[in-house]
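Take a look at the sequence and the 3D view, and try each task before reading its solution.

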Amino acid sequence: MNDGPVDLVALQAEIRERVQRKRAAGVYDDDVRAALEMPLPGGRALFSDELGDPLPALQDVLAEEATYDATSHRRLVGGAITVGRRVVIGLVRWWIAAITDRQERINQLLARAVIDLRDAPSPQFDERLARLERDWWRWREDEVAGSLESTFFAARFSGDESVIRRQSKSFVDLFRGRTRVLDLGSGRGTFLELLRDEGIAGYGVDPDAKMNEEVRSRGFDVQTADGLTHLRSVADDSIDGLFSRHVAEHVLPGELIAMLRECRRALAPGSPVVFITPNPATLTVGAHTFWLDPQHRRPIPPELFHFYLEVEGYERVETRTSEPSETRLSEDVPAGPVRENVKLLNATLFGDRDYAVIGWTPHA
Amino acid sequence: MSNHVFALQERLRGWGHDAQAYAVETKPGAVDVLPYRRLFRDVGPDDLVLLHFSMGNEVFTQLAKLRARKVLVYHNVTPAEFFRGINAHAATYARLGRRQLAELAPAMDLAIGVSAYNQRELDAAGYARTAHVPILIDWRAFDGAPDDAVMARWAGTRPLLLFVGRVSPHKRQDDLIRMLAYYRACIDPNARLVLVGGYRDQPQYHARLVALVAALRLEPAVTFAGAVSAAELVAYFRSASAFVSLSEHEGFGVPLLEAMRADLPVIAYDAGAVGETVDGAGILLADRDLANAAEAVGLVLERTDLRERLVAAGRTRLEAFDPDSVALRTREVLGL
């Protein structure tokens with residue numbers, strides 16, 4: 001037997017997992033939750049609990065009548081004590097009433113002031129907050145050229161539909177036999193179309209409402225939402241495949257990790273994920289074409305993305321490159337150091353322009 | 001009046017001192033205890049008076065004037081917030097207790113906290129000389145024969161969750177009851193909860209707990225054992241599967257150690273001095289999530305290896321409270 005100290009951190013994780021399992025299995029249901037939150041019958045909540053959420057409790061207390069039972073239950077002298085108390089109460093009644101009336105007014109005024117302060121802390125605070133929100137919003141917009149005319153931009157720089165189709169098609173096989181595949185960043189619905197051709201059920205999510213309308217008119221199920229927000233709303237184990245082309249480079253690193261985590265939760269055990277993104281290991285991509293879209297946040301080196309998947313618990317992670325550069329240096333030179341150098345230059349400058357990281361959620 | 005006082009009295013007499021216990025109120029049947037008023041006659045400047053303080057009482061203001069060496073033994077005073085709106089009487093005395101704690105400071109030659117947590121409060125209250133000496137526990141009664149009737153009543157009942165402590169809002173028996181609802185629904189429908197501890201001082205809270213049990217339809221599963229004898233207490237500890245505490249305020253936590261003595265695994269919410277008393281020999285709960293608390297208990301009861309490790313850790317932990325060492329430390333601190 002191991003006599004070492006108990007690893008409390010590991011234990012806490014196990015405890016949380018047990019609770020989650022019960023919730024997923026439906027044993028920890030609304031009835032149990034109601035039991036855990038059942039108020040103590042016969043009066044107000046414990047004051048120590050009310051202190052945790054004082055404002056609603058404050059309003060309840062203000063509405064409450066204070067009562068006092070003057071009856072004494074002591075043997076023999078009880079009756080006399082009761083009479084005595086009543087006489088004293090009768091004598092000081094108006095004095096007490098004056099005090100309680102003043103206290104009541106103070107209480108009401110203070111409660112009102114606290115509630116007003118919560119709803120609108122102060123004019124200066126509101127003004128500063130509004131300015132901060134405005135600046136923050138402008139910064140977010142400026143960072144991704146939010147003011148740019150997207151239609152014109154798309155007309156000049158958008159990817160070629162046939163190229164996207166060819167690239168996406170090579171991943172369809174991974175999703176064979178799946179029943180609910182999510183295409184995150186579904187765009188023009190190319191991958192949804194490929195899935196349908198193969199009889200695989202799926203749906204898309206994209207923030208572009210106008211494009212989604214067009215895709216929907218072709219009979220596809222697409223929802224207008226930001227990727228991470230949508231993933232957070234997806235129930236545990238409710239999808240069994242995820243495809244996401246040219247999305248990861250549009251989000252901040254922290255958001256990407258949050259997405260990977262949410263995916264793992266939302267995907268059933270043993271489901272595939274595919275993320276395609278520009279390959280900055282090819283320098284003409286990393287230094288040039290990547291930046292042709294002002295909405296790109298930052299390039300993700302393949303090794304790093306591979307690592308993200310591994311560290312977030314995906315299995316059998318692999319990286320595949322695609323889309324060879326059209327321009328290449330001619331390798332038609334005599335064999336020897338020069339040809340080796342040209343090959344190296346080709347690989348570094350004119351390698352594949354995209355790569356995909358593929359991983360699988362672990363089997364239960 | 002706690003066993004601590006009698007254990008101390010016996011030790012003091014063993015060292016050749018003339019030791020006498022005095023009390024404001026005594027439990028019926030208590031022997032060898034004199035009424036506190038006698039102190040004003042009995043005590044002289046060369047005597048040493050130990051004032052055990054755990055609740056406000058007008059008497060302490062008088063006792064502070066005694067012409068003798070005075071040492072406050074601080075068991076902690078439950079903050080009034082826990083009683084407000086449920087027991088005005090207890091809230092008043094709790095408030096008085098906090099006020100007196102500060103007022104008594106200049107009159108005391110020394111103040112002893114029974115936990116480091118209590119000592120910190122003494123320091124904050126302005127005591128010039130403070131020390132930390134744990135409670136002196138007399139295990140003889142606890143190691144005696146358990147009560148047969150209680151043993152027979154609970155034989156074969158598993159799992160049996162036990163909490164020992166007077167029924168009081170700060171001990172949060174209401175949360176133990178709610179937790180049991182989860183336990184029975186999600187872990188084991190046979191689970192039972194026994195709450196050992198007097199409830200006469202908190203009739204309102206007790207009545208509301210009974211109503212909560214009824215509202216959750218847990219009547220057969222929750223037992224209020226009330227105040228019990230030493231033999232009955234031992235029997236409850238021997239019959240239980242685990243000791244569970246969700247108390248929000250403890251100045252020391254004797255039952256935590258009693259559970260360890262009875263080889264019970266301890267699962268306790270980390271409040272007040274609980275953490276330092278348990279110190280690794282139990283599972284400490286960091287938050288008040290009752291589902292987590294129930295699953296922690298479930299985990300301990302399912303995993304024999306874990307339970308055995310906790311029990312072994314408990315035995316080791318008890319060595320730190322060995323009565324002989326605590327007695328020596330007391331003697332040293334009091335300069336006897």
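The exercises below work through a predicted model.

**Exercise 1. Describe the side of chain A that touches chain B.**

Solution. Start with the contact itself: 27 residues of chain A are in contact with 33 residues of chain B. Next, look for helices on the chain A side. Helix H1 (8-24), helix H2 (30-36) and helix H3 (47-50) of chain A each supply at least two residues there. The largest share, 7 residues, comes from H1(A).

**Exercise 2. Work out the strand order of the open sheet in chain A, and find its edge strands.**

Solution. First, write down the order of the 7 strands in chain A: S3-S2-S1-S4-S5-S7-S6, with mixed pairing. Then go to the edges, where strand S3 (222-224) and strand S6 (315-324) of chain A each pair on one side only.

Zoom in on one pair. Strand S1 (residues 181-184) and strand S2 (residues 202-206) of chain A pair in the parallel sense over 4 bridges. Within this pairing, A:Leu184 stands opposite A:Val205 in S2(A).

Helix H8 (residues 161-172) of chain A lies across strand S4 (241-245), strand S5 (272-278), S6 and strand S7 (352-360) of chain A, and runs at about 155° to S6(A).

**Exercise 3. Decide how H8(B) and H9(B) are oriented to each other, and list residues that meet.**

Solution. Begin with the geometry: helix H8 (residues 173-186) and helix H9 (residues 203-215) of chain B pack at an angle of about 10°, with their axes 10 Å apart. Angles under 35 degrees count as roughly parallel, so H8(B) is roughly parallel to H9(B). Then find the residues: B:Gln173, B:Asp174 and B:Ile177 in H8(B) meet B:Leu209, B:Leu212 and B:Val213 in H9(B). The residues of this contact divide into 4 nonpolar, 1 polar and 1 charged.

**Exercise 4. Which residues of helix H5 (residues 116-124) of chain B are buried, and what do they pack against?**

Solution. The buried residues of H5(B) are B:Tyr117, B:Asn118, B:Gln119, B:Glu121 and B:Leu122. Now follow them to their partners in chain B: strand S4 (69-74), strand S5 (110-113), strand S6 (130-132) and helix H12 (274-278). To finish, step just past the end of H5(B), where B:Gly126 takes a positive phi of about 100°.

Note on methods
Residues numbered from 1 in each chain as written. Chains lettered and ligands numbered in written order. Predicted model: local features only at pLDDT ≥ 70, side-chain atom pairs only at ≥ 80, totals over all residues. Contact = placed C-beta atoms within 7 Å. Pairing = 2+ DSSP bridges. Axes fitted to C-alpha atoms, helices over the stretch in contact; angles between N-to-C directions. Parallel < 35°, antiparallel > 145°, perpendicular 65-115°, else oblique. Nonpolar A, V, L, I, M, F, W, Y, C, P; charged D, E, K, R; others polar. Buried ≥ 20, exposed ≤ 12 C-beta atoms within 10 Å, placed from the backbone.
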